[in-house]
Structure formats: structure tokens, C-alpha cells
Amino acid sequence: MSEDTNLPKPERIPFFQRMLDNPFLLLFIGVAMPTVFYTLWGVMEVATIPIAK
Amino acid sequence: MAQFRVCPDSGFYFDRSAESLMKVNAVAGVVSLLIAGILALGVILTRWQDVHLLPADLFYQVLTAHGINALIFWVIFFEIAVLYFASSTLLRSRLAAPGWAWAGFALMVIGAVMNNVAVMQGNSSVMMTSYVPMQAAPHFYLGLILFAVGALIGCFVFLGTLVLAKDDKTYDGSLPLVVFGALTATIIAIFTIASGAIILVPTFLWSVGYINHIDAEMYRIIWWALGHSSQQINVAAHVSIWYLITGILFGARPMSEKVSRFAFLLYIFFLQLASAHHILVDPGVSSEWKIFNTSYAMYLAVLASMIHGLTVPGAMEVAQRSKGYTKGLFEWLRKAPWGNPVFSGFFFALVIFGFIGGITGVVMGTEQINLIIHNTIYVPAHFHATVAVGTTLTFMALTYLLIPVLFRRALFMPWMAKLQPYVFSLGMTIMILFLLGAGTLGVSRRHWDMDFTGAMLSFDYPGTAYMMVAVGGIGGVLGVVGGAMFLIVTVGSLLFGKKLEPSAGLFQGFCGLPLADSVYNVEQPPRLERAEPVEHHHDGFEAPGTFVLALALLVCFVVYYAINWDYLSSVWPIG
Amino acid sequence: MSSFQPPADRIWWQVPVGKQEIIWAGIALVWCLIMFFMMPYWHVYGKQNLSTEAYQTNAEKYGAAVEAFVEEYQTGVDEQSGMPIVTPPAGSDIYMLGRLWQWYPILNLEKGKSYRLHLSSLDWQHGFSLQPVNINLQVVPGYEMVINVAPDQAGEFTVICNEFCGIGHHTMLGKIHVKEN
């Protein structure tokens with residue numbers, strides 16, 4: 001036990017590195033971004049085109 | 001029973017089931033390329049007006065099959081092989097759920113065959129885009145859906161293998177850069193395939209009569225989330241392979257792990273927004289949506305590509321300089337192994353992708369400039385620079401690397417392999433440049449007859465347009481010759497190449513069977529250690545030659561961009 | 001060979017980045033921003049910006065609107081094709097439709113005048129490609145787009161279809177004549 005406490009504390013891994021090391025977080029981002037900005041926004045644009053008189 | 005073999009030449013560890021799956025997927029990809037290549041000849045020899053080979057119906061049929069086989073089946077089959085290589089071989093891990101991987105492969109093959117049969121039967125000549133309300137036979141869509149489901153399973157097997165490797169602690173630290181790039185490709189693939197399902201499943205139901213209307217504009221928006229993103233999978237995949245090839249050939253290490261990974265992160269965030277490139281002259285979509293999406297937010301994915309454009313050759317330059325090729329700006333490049341098709345294929349792919357494919361892509365994806373380019377033959381010229389050279393030639397280069405390593409065969413007719421990247425690049429570059437020119441003159445894509453035979457009205461293209469398409473045709477034929485050389489070397493190697501392993505029999509070469517049991521003699525490969533530490537010194541320019549090349553790219557980019565705005569400003573004012 | 005090995009440093013995010021990459025990324029970012037702002041800039045100062053005015057419609061409704069337009073302003077018949085030639089007043093709403101396989105009707109316009117051009121398709125998707133000017137628009141059934149055009153050249157212009165629309169696709173042509181005023 002005492003040996004453990006004497007070891008130097010491992011340096012904290014920075015936020016960006018933790019994010020880049022997390023495949024499933026990246027998967028979420030990579031699917032959510034285009035779904036929201038491209039697909040959903042685009043579909044809304046088309047759905048709100050007014051009807052011709 | 002031991003699960004792994006080690007390749008004595010490369011030191012890569014192959015998992016038995018992953019190895020078979022890589023082989024079958026790569027072979028299925030090459031078969032698709034063979035079909036696409038033969039059909040390419042029909043397309044180019046018909047567009048070339050002096051030859052005008054095929055009748056209209058056959059031309060559109062051939063063009064549909066060429067597009068789907070080249071842009072979907074060839075690249076995605078090969079990419080699945082790359083994903084298994086990156087996750088299992090590079091990480092020294094067992095492949096997760098090989099049974100599922102085989103099921104996925106079976107679905108992909110059934111889907112690809114079904115779709116090709118539908119097109120061959122003649123009532124599904126709807127182009128790769130299959131825009132509604134033009135209708136194809138139901139099994140045209142069903143084939144694509146099955147193929148997509150199979151590919152999706154492949155993506156999950158890749159992710160599962162990442163988890164498995166982490167749990168088994170087969171490597172130390174973060175994922176290697178190449179695997180991280182493959183992860184980027186997988187993420188893009190999952191979005192792509194999900195979009196495909198959202199639009200193709202209702203379209204299939206419409207083709208069998210369960211749904212009576214598919215909105216044409218909705219279809220366009222969602223279909224392009226499939227159609228364009230599928231090509232972004234290629235970008236992420238081939239950039240990763242560039243890092244792999246420079247690592248293997250030169251022992252190059254990334255100039256900065258942080259910069260290269262951050263560039264991939266920008267791809268994950270922004271690359272797929274570019275599906276909007278196809279919707280820029282559509283009715284009713286707001287300029288805000290167009291500008292935001294067509295520019296990948298603020299061209300942040302272009303920024304990523306420009307960064308890779310520096311760091312890929314830069315890593316190679318640093319490695320070469322450390323070996324003593326330090327004379328002047330470019331000795332490192334002059335003394336590169338130009339006779340090795342793995343290198344020449346990679347390097348031509350990099351240059352043509354960046355200088356031609358990248359620049360034309362950004363220019364024509366500019367909201368307003370798209371008005372003078374949309375649906376002209378400029379568009380296929382652009383994506384032949386990105387996919388048919390950038391991606392395809394990279395995959396060809398990797399194949400030359402994998403034939404000895406994965407299939408344990410020596411290259412058949414190595415002199416032909418040596419020449420192949422030169423012939424293919426030259427032919428394709430001629431074709432691309434001249435078709436870009438023809439597109440600027442207004443020549444239409446997907447068009448059987450520049451003479452408009454049988455039309456009630458008439459129109460004459462300028463003579464230059466005919467000349468440009470004809471020269472493009474000559475280049476295209478040369479490109480097909482280059483493609484055939486690749487196929488001769490590849491198929492020849494598998495059938496007749498010298499066996500590097502006594503057990504590498506005929507069928508073990510290409511039918512997906514692993515090598516004989518005796519070759520698998522490693523229970524568990526040693527853990528993949530972190531790279532050797534190096535001193536980080538950042539006082540000067542480590543890769544000045546690459547920096548000059550990057551500046552040359554920028555100058556071409558700026559000049560060409562300005563020329564196109566100038567051209568746009570000369571057409572009729574519209575608003 | 002570390003491109004396919006894990007990074008050498010456990011905390012690679014904090015390894016300082018070389019000067020060369022920083023400079024290049026900076027230059028590239030500036031260029032990317034210039035390209036981004038070119039698009040809104042052109043909306044303000046450029047003369048070629050596609051209108052986003054559009055309406056949901058259908059073949060019957062749009063076909064009837066085009067027929068009414070032809071009836072009102074028809075001034076002749078084209079001998080070659082038998083298609084009506086329509087001469088609308090400057091500044092008015094003008095109509096063209098795409099169908100298998102023609103652009104209908106033939107329009108007579110005046111140079112330097114602005115028109116509101118309505119475009120839609122009665123059947124499949126078509127590509128409105130004005131030659132040799134080289135303006136290209138996607139024409140989608142069910143949607144009527146309205147764009148302002150102001151021809152600044154006189155002469156005969158041809159509309160080609162550049163979206164694949166079946167076996168007669170290559171015969172699908174239309175005409176716009178622009179007269180000097």
C-alpha cells in the first residue's frame with residue numbers, strides 16, 4: 001500500500017485526448033452533426049416551402 | 001489451435017478469421033473493379049463522339065452499372081478489408097464476431113449481385129442516383145439495401161474489434177494513427193449507411209407498390225447524405241492508407257500525432273456536410289443552409305485535408321532526411337523508390353487527389369459557382385480525380401503491398417506492376433483535365449449524344465468541346481489500359497505468383513481460405529508497444545520541400561478559385 | 001514506423017507542435033475563411049445569386065399555369081418543332097416547363113430586361129442548362145422555382161437537359177431568343 005502512494009501520480013489526460021480516444025463519443029458526434037445540420041435542417045427547409053396558389 | 005500467424009517479411013500478425021475475411025472482401029472489391037473497368041470502356045467510347053460506340057439504351061445501362069460498381073461496390077468491399085486489417089492486424093487482436101462478419105460479407109455479395117442483375121435486365125437504367133420519380137425494378141433497391149446492411153455489419157465488427165483489442169490489452173496507449181483514420185472512415189460509413197436505409201427502404205416499398213409517392217426533393221436531400229458521404233468514407237480511408245504506406249516504406253512517423261488526429265477529428269465533425277454540394281441549384285433551399293453545409297461549416301474539412309496534405313508527405317520527408325537525403329529541397333523526393341508501385345501509386349494518388357480533385361471539388365462546391373458547373377461533365381471529371389485516382393490508385397498501391405503480405409504470393413509480372421501507376425495516372429489525368437475543360441464549355445454529363453440526333457430543335461457545341469471530349473476519350477482509354485494492367489498483375493499474382501509460403505495453394509490464394517494450419521503458430525502476439533520515443537525539436541523547418549509543395553498547391557488553389565469567380569461574373573445576372 | 005504504432009508519448013496531446021505545421025495550418029485557415037466569406041460577399045455585391053423562391057405544386061397546376069401563359073402571349077409557332085413562340089412583356093412572370101422530352105414553350109425576351117422565370121417539371125427530374133451561357137439548374141417535379149433572369153446578351157440560346165431523363169434525354173432541347181431592344 002505504502003508503495004502505491006509513493007508512486008508519482010499519473011498525469012491527467014487532457015480533455016481532447018480523452019475525446020479522441022473514445023470511439024463511441026466520436027461516433028455519436030460524427031452521426032449527430034450531419035443529421036442535425038444537413039439532414040434535419042434540409043428536410044425542414046423543403047417541408048416549409050409554401051404551396052403554389 | 002493457434003489463432004495467429006506472423007508474416008516473416010512485414011512482421012504483421014494475422015488473425016486466422018480476419019485474414020480470410022480480408023481476402024474475400026478484397027477479391028470481391030477487385031471483381032467489382034473489373035466489371036466497372038470494362039464498363040468504363042463502353043462509357044468513354046460512347047461519349048467520344050467520333051466513336052459513339054453504344055446505342056442510347058445500352059449506354060445508359062452501362063453507365064448505371066459502371067457508376068454503382070465503381071463508386072459503391074469496389075470501394076466499400078475494399079474498405080471493409082481495410083477496416084479488418086486496421087483493427088485486427090494492426091492492433092494484433094482477434095477479430096470480433098467473425099460469424100457476423102461472414103454474414104455481412106454474404107449480404108454484401110448477394111446485394112451486389114442482385115443490383116447488377118437488376119441493371120443487366122434492362123429496366124433499371126436509372127443511374128447510380130436513381131432519382132425518383134424515375135423507377136427501377138424492386139430488386140435494384142433491395143440489392144443496395146442488402147449491400148448496405150452487410151457493410152454496416154462490417155463497421156460494427158470493426159468497432160467490436162477495437163473494444164476487444166482494448167479489453168485484451170493488445171496494444172499500449174492510444175490507437176495508432178492509421179487505426180484512428182480507419183475509425184474516422186467507419187464513423188462516416190455508419191452515417192452514410194443509415195441515410196441510405198432511410199431513403200432506400202421507402203423507395204423500395206414504393207417500387208413494389210406499398211407507398212404511392214416519394215417526394216423528389218426530399219429524396220434528393222436524403223439520398224445525397226448517402227451518395228456524397230459514401231465518397232467521404234474513401235477520403236478518410238485513403239488518407240489513413242497514405243500514413244500507413246509512408247510508415248511502412250520509409251519508417252515515417254507522424255510529424256505530430258496531435259495535428260494529424262485533430263485533422264481527422266475535423267473530418268468527423270464536418271466532412272459529411274458536403275452532401276449539400278449536390279443541392280446548390282435546387283428549388284427552395286435557403287442560402288444559409290447551402291452556405292453552412294457546402295462549406296463544411298467554414299471549410300473546416302478542407303482545412304483538415306490541407307493539413308494532411310502537408311503532414312503526409314512531410315512525414316516522409318522527415319524520414320528521408322534522417323536517412324541522409326538532405327541535399328536541397330527535393331533530394332528526399334528524387335531519391336524515393338519511384339520504381340516501387342506501392343510508392344508511385346501512393347504519391348500520384350496524393351498529388352492528383354490534392355491538386356486536381358481537391359481544388360475542383362471546393363470550387364464547384366461554392367454556392368454560386370455551382371451554377372456554371374452543376375451536372376456538366378466537369379462533375380464526373382472532378383470525382384474521377386478524387387475517387388478513380390485518389391482512392392482507387394491508393395487501394396491499388398496497397399494491394400501491391402498486400403499480395404505478398406496477406407496472400408503470400410510474389411507479384412506476377414513485376415515490370416507491369418512497376419509501370420501501372422504511371423500509365424493509369426497519365427491516362428486518367430488527361431481524361432480528367434480535358435473533361436473539366438469540356439464541362440466548362442457546358443458539355444452535359446450523363447448524355448448520350450452531343451449532336452442531339454433526333455431532336456426537334458438543334459444546338460451545336462463549339463468545336464473545342466468535341467475536341468476536348470475526344471482527347472478525354474483517349475486519356476480514358478489509356479486509364480482503362482492502366483486499370484487492366486492492375487488486374488492482370490493482381491489476378492496473375494493470385495493464380496501464378498510464386499508462393500512465398502509452401503502452403504499458399506491456389507485456393508488459399510484467393511478463395512478466402514487461410515493458409516495451412518502449420519503456418520498459424522502464434523497463440524497470442526506480443527503486445528503492440530508504443531513507438532520509440534524521439535526528441536522533439538521544433539526550432540526550424542523539418543520538411544522545407546513539403547512546405548514549398550504545399551505553397552504551390554495554395555497558389556494553384558487561389559488562382560483557379562479566382563478564375564472561376566471571374567467566369568461566373570460574366571454570365572447572365574440572375575437572382 | 002509509428003504511424004501504425006501507438007503514439008510514443010502517453011500524453012501526446014501536449015507534445016508541442018512544430019513551427020511548420022502551425023504556420024501552414026494558419027495559412028490554410030485564413031484561406032478557408034476567405035473562401036467562406038466570399039459566398040455571403042457575393043450575395044451582397046455579386047450579380048449571380050440563385051433565388052430561393054419556390055412553391056410546392058403539381059403537374060396539373062403547373063401545366064395549367066404554363067398553358068395560360070402561352071395563350072396570353074403567344075406570337076407565333078416555331079416551324080422546326082411546332083412549338084409555340086411566346087413573347088411576354090418585359091418584367092413579367094415567364095414560364096417554362098420540362099417534360100419528356102422538351103422544354104416548353106420557346107421564349108422571346110429582350111436584352112437588358114429582367115424577368116421572373118418559373119421552372120418546373122411535369123414528370124421526371126430534368127436539368128435546365130442554358131447554353132452557351134452555361135447556367136445550370138435542377139428542375140424537380142412537384143416544385144416550382146422562380147428566378148430572376150436578366151439576359152445581357154442578344155442572340156439565340158438553347159436549353160439542354162442535363163439531368164438524365166430516359167431514352168430520349170439527348171433530344172430534349174428548348175430555345176430562348178433574346179432581342180436587342
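Student: Of the 575 residues of chain B, what percentage count as buried?
Tutor: Welcome! Keep in mind that this is a predicted model. A residue is called buried if 20 or more other C-beta atoms lie within 10 Å of its own. Among the 575 residues of chain B, the share that counts as buried is 64%.

Student: What radius of gyration does chain B have, and why does that agree with a compact globule?
Tutor: A compact globule of 575 residues would have a radius of gyration near 25 Å, so the value for chain B agrees with that expectation. The C-alpha trace of chain B spans about 75 × 55 × 45 Å along its principal axes. The radius of gyration of chain B is 23 Å.

Student: What length does helix 5 of chain B reach from its first C-alpha to its last?
Tutor: With 31 residues at 1.5 Å a residue, 45 Å is expected, and the helix comes close to that. Helix 5 of chain B is also mostly covered, with 24 of its 31 residues buried. Just after this helix, Gly209(B) takes a positive phi of about 100 degrees. From first C-alpha to last, helix 5 of chain B reaches 44 Å.

Student: Which element gives the largest share of the side of chain B that touches chain C?
Tutor: The contact takes 95 residues from chain B and 77 residues from chain C. Elements giving two or more residues to the side of chain B include helix 2 (56–89), helix 5 (177–207) and helix 10 (296–322). By class, this side divides into 56 nonpolar, 24 polar and 15 charged residues. The largest share, 9 residues, comes from helix 10 of chain B.

Student: Which residues of chain C is Leu303(B) in contact with?
Tutor: Here we leave aside neighbours within four places in sequence. Leu303(B) is in contact with Leu266(B) and, from chain C, with Ala28(C), Leu29(C) and Cys32(C).

Student: Which helix gives the largest share of the side of chain A that touches chain B?
Tutor: This contact takes 19 residues from chain A and 28 residues from chain B. The chain A side has 14 nonpolar, 3 polar and 2 charged residues. Its largest share, 16 residues, comes from helix 3 (residues 23–47) of chain A.

Notes
Residues numbered from 1 in each chain as written. Chains lettered and ligands numbered in written order. Predicted model: local features only at pLDDT ≥ 70, side-chain atom pairs only at ≥ 80, totals over all residues. Rg over C-alpha atoms; globule rule 2.2 N^0.38 Å. Buried ≥ 20, exposed ≤ 12 C-beta atoms within 10 Å, placed from the backbone. Contact = placed C-beta atoms within 7 Å. Helix = DSSP H or I, 4+ residues; strand = E, 2+ residues; numbered from the N terminus. Nonpolar A, V, L, I, M, F, W, Y, C, P; charged D, E, K, R; others polar. Expected span 1.5 Å × (residues − 1).
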